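Please keep the sequence and the model at hand while reading.

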Amino acid sequence: MKCRKGTALLLAGSLALGLAGCGSSKENGENQTAEQKLTIWAWDEAFNIPAAKEATEIYQSNHPGAEVDIVTMAQNDIVAKLNTSLASGSYEGLPDLVLIEDYRIQGYLKAYSEEFSDLSDVVKNEDFASYKTGINQYNGVTYGCPFDSGVAGLFYRTDYVEQAGYTQEDMQDLTWEKYIEIGKAVKEACGKDMLTLDPSDVQQIRMFMQSAGTWYTDEEGRPTLEGNQGVLDAVNTYKALMDAGIVKLVSDWNQFVSAFNNGDVASIPTGCWISPSVIQAEDQAGKWAIAPFPRMGENPDSVNATSIGGAGWYILKNVGHEEEAKTFLKETFASSTELMNTLAEEINLVSTLNAASECENYAKPQEFYGGQKIFQDFAAWTAEVPRVNYGESTYQMEDFMKEILAQVIAGADPEEVLADYQVQAEAALGQ
């Protein structure tokens, strides 16, 4: 969008609106600062909230008496409350620190960069995975502290693959063409599908595209459906998987997890964050391994590394505790290998802090994965993820992508469909 008002309207349209929640306010900032109380918003009681609590313990050990209020809130509620409050210029009830998804942050920074604290003196970009640091910047200023890596891997059942006549060495650095070949062999030998796909969720397309260093939009936010080889190859790869007869269709998260926990599929090509769900099936211990994410072999820019998901920590500078919040980040998520080492064990965090790869827990072999040192592998793959600009329209563009895939799978010509939706996307995004 070209102005703050326009972006506010875009956010209001694409993100659900809501009411402001609990926190502190600009109006009573002096009293709040005297109390040194910070408020943090994040989602996910099994992942982000424990991370915030561990960080708080480190911060409080350095600042006795400091108070930190950690508020658990659904991600959509955070999005809605931020959008409503920032659009109206009201700070009542906003937090000092907030976790924001990587795919959404550019929309906020373009609309409200003056509301976020400049973290250039806190976050050293060279200390983090390069693909994450660009996400948190706007007009050359660093506004966010990278958190979790969404680096993807190919989780696979070693027993199924071996029954099909392949080895763990065969699973390394695959192309999707080779993956499909192995999937057909697994289906014939074991009667198992190779993976799940959810027609209502096109996250696979995101991973395909980023492996080739491209996205739905360009650096200026213009749609790039037509003439973008990475997008075309992603659509063709998705169709090839569907046509191969190796896909188990699912319609929600529970069906997705049940498919691999019940042994119905042989692999899971997705983010590292799926590991806690995989190891829930204790009876499958020793039967899983993780290989690099397959690449699109027909695309010379595609590599065996990509990402899905992830978020960063941001400070709302006009709420009242900017300096305290900066100190909190500086001593925790922006630098603490102690924190990252603890979180690797407690929540299976794959950190984007480069120094985390040297932590003790990263070197531990994981029995469930046959002794594989999965954190070291994920750290290595994180460093190889191509850097792309997610822009501010990912979710809007994916509404189009769902329709595109439905037409292509039904037999329509991919290039023609992409050209048609290029026009529609330009109209929708005001380009």
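Strand 1 (residues 37-42) and strand 3 run parallel and are joined by two bridges, where two strands count as paired if DSSP finds at least two bridges between them. The model is a predicted one, in which local features need pLDDT of at least 70 and side-chain atom pairs count only at pLDDT 80 or more, while totals for chains, interfaces and linings use all residues. Residues are numbered from 1 along each chain as its sequence is written, and side-chain values use heavy atoms, with hydrogens and water left out.

**Strand 3 and its partners**

- Helices (H or I, at least four residues) and strands (E, at least two) are DSSP runs, numbered from the N terminus.
- Within the parallel pairing of strand 1 and strand 3, Trp41 stands opposite Val98.
- With strand 12 (residues 311-315), strand 3 pairs in the antiparallel sense over five bridges, and here Ile100 stands opposite Gly312.
- Strand 3 (residues 97-101) is mostly covered, since five of its five residues are buried, where buried means under 20% relative accessible area, exposed over 50%, and partly exposed in between (1.4 Å probe, protein chains only).
- Leu97, Leu99 and Glu101 point one way from strand 3, whereas Val98 and Ile100 point the other way, and all are buried.

**Cysteines**

- The structure holds zero disulfides, a disulfide being a pair of cysteine sulfur atoms within 2.5 Å.
- Cys359 is in no disulfide, and the nearest cysteine sulfur, that of Cys145, is 15 Å away.
- Cys359 is buried, with a relative accessible area of 9%.
- Cys190 is buried as well, with a relative accessible area of 19%.

**Loop residues with positive phi**

- Asn139 is not a glycine, yet has a positive phi of about 55°; this residue lies in the loop between strand 4 (137-138) and strand 5 (141-142).
- Asn139 counts as exposed, at 67% relative accessibility.
- Asp173, likewise a residue other than glycine, has a positive phi near 50°, and lies in the loop between helix 7 (158-163) and helix 8 (176-190).
- Asp173 is partly exposed, with a relative accessible area of 47%.
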